[in-house]
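Student: I have a new structure to look at, and I would like to learn how its features get their names. Could you take me through it?

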Amino acid sequence: MVHYAESRFCRRAVLLEYFSEKYPEQNCRNCDNCLAPRDTFNGTIDAKKFLSCVFRISQKSRFQVGINHLAEVLTGADTEKIRKWGHNDISTYGIGKDRSRLEWAAIARELIRLGYIRQNV
C-alpha cells in the first residue's frame with residue numbers, strides 16, 4: 001500500500017503491474033498523478049549517500065539491515081545496536097543529518113521502486 005500511495009507514476013499502471021499486467025501508456029489521463037504530476041527533485045546525492053551506507057554496513061558486518069537502521073546510521077543516531085555492530089565507525093555514519101529518519105525511509109522506498117535496491121521480505 002505504501003508503494004502505491006507514494007508512487008509518482010500513473011496509479012493505473014502501478015496497480016496493473018502488481019497483477020503482472022502492463023498498461024500501454026505512461027499517462028492514463030485519469031489518476032491524480034497523471035492529472036497533476038508531483039514535484040520532483042534531484043536526489044542523486046541522497047541516493048549516493050544511502051547506497052554507500054548500504055555498502056559500508058554490508059562490508060563491515062557481512063549482513064544486511066533494515067531501512068530504519070540505515071536511516072539511524074545516516075542521521076548519526078546513538079543507539080545500542082549501532083554501537084554494538086560498530087556502525088558508528090563507518091564513513092557514512094551521520095552524513096545524512098540534514099534529513100530526518102522519515103525522509104531517509106521515503107528515499108529508501110523510492111530507491112526500491114526504481115530498482116536500485118531490493119528489500120528482503
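Predicted model: local features only at pLDDT ≥ 70, side-chain atom pairs only at ≥ 80, totals over all residues.

Tutor: Let us go through the model by asking what stands behind each label.

Student: What makes up the secondary structure of the chain?

Tutor: There are 7 helices and 0 strands. Helices (H or I, at least four residues) and strands (E, at least two) are DSSP runs, numbered from the N terminus. The C-alpha atoms fill a box of roughly 50 × 30 × 20 Å along the principal axes.

Student: Why are the rings of Tyr18 and Phe19 called a pair, and of which kind?

Tutor: Rings of Phe, Tyr and Trp (its six-membered ring) pair if their centres lie within 6.5 Å; planes under 30 degrees apart are stacked, over 60 edge-to-face, and the rest tilted. The structure holds 3 aromatic pairs. In the pair of Tyr18 and Phe19, the centres are 5.0 Å apart and the planes stand at 90°, so this pair is edge-to-face.

Student: Are Tyr18 and Phe19 buried or exposed?

Tutor: Buried means under 20% relative accessible area, exposed over 50%, and partly exposed in between (1.4 Å probe, protein chains only). Tyr18 has 67% relative accessibility, so Tyr18 counts as exposed. Phe19, at 53%, also counts as exposed. Of the 121 residues of the chain, 34% count as buried.

Student: What makes the pair of Phe63 and Trp85 edge-to-face?

Tutor: The ring centres of Phe63 and Trp85 are 5.0 Å apart and their planes are at 70°, so the label is edge-to-face. Phe63 lies in the loop between helix H4 (44-61) and helix H5 (67-74) and Trp85 in helix H6 (residues 80-85), so the pair ties together parts that are 22 residues apart in sequence. Phe63 counts as partly exposed because its relative accessibility is 30%. Trp85 is partly exposed too, at 28%.

Student: How do you know that the charge of Arg11 sits over the ring of Tyr4?

Tutor: The rule asks for NZ of Lys or CZ of Arg within 6 Å of the ring centre and within 35 degrees of the ring normal. The charged end of Arg11 sits over the ring of Tyr4, 5.4 Å from its centre.

Student: What is noted about phi of Ser20 and Arg29?

Tutor: Most residues other than glycine have a negative phi. Phi of Ser20 is near 60°, a positive value in a residue other than glycine, and phi of Arg29 is also near 60°. With 69% relative accessibility, Ser20 counts as exposed; Arg29 is exposed at 57%.

Student: What makes a space a pocket, and how much space lies in the largest pocket?

Tutor: On a 1 Å grid over the protein atoms alone, a cavity is a set of points where a 1.4 Å probe fits but cannot get out, whereas a pocket is an open set with protein on both sides within 12 Å along at least five of seven lines; lining residues have an atom within 4 Å of a point. A volume is the space filled by probe spheres set on the points, with grid points joined across faces, edges and corners. The largest pocket has about 760 Å³ of space. It is lined by 25 residues, and the closest to its centre are Ser7, Phe9, Cys10, Ala13 and Val14. H2 gives the largest share of this lining, 5 residues.

Notes: Residues numbered from 1 in each chain as written. Heavy atoms only, no water.
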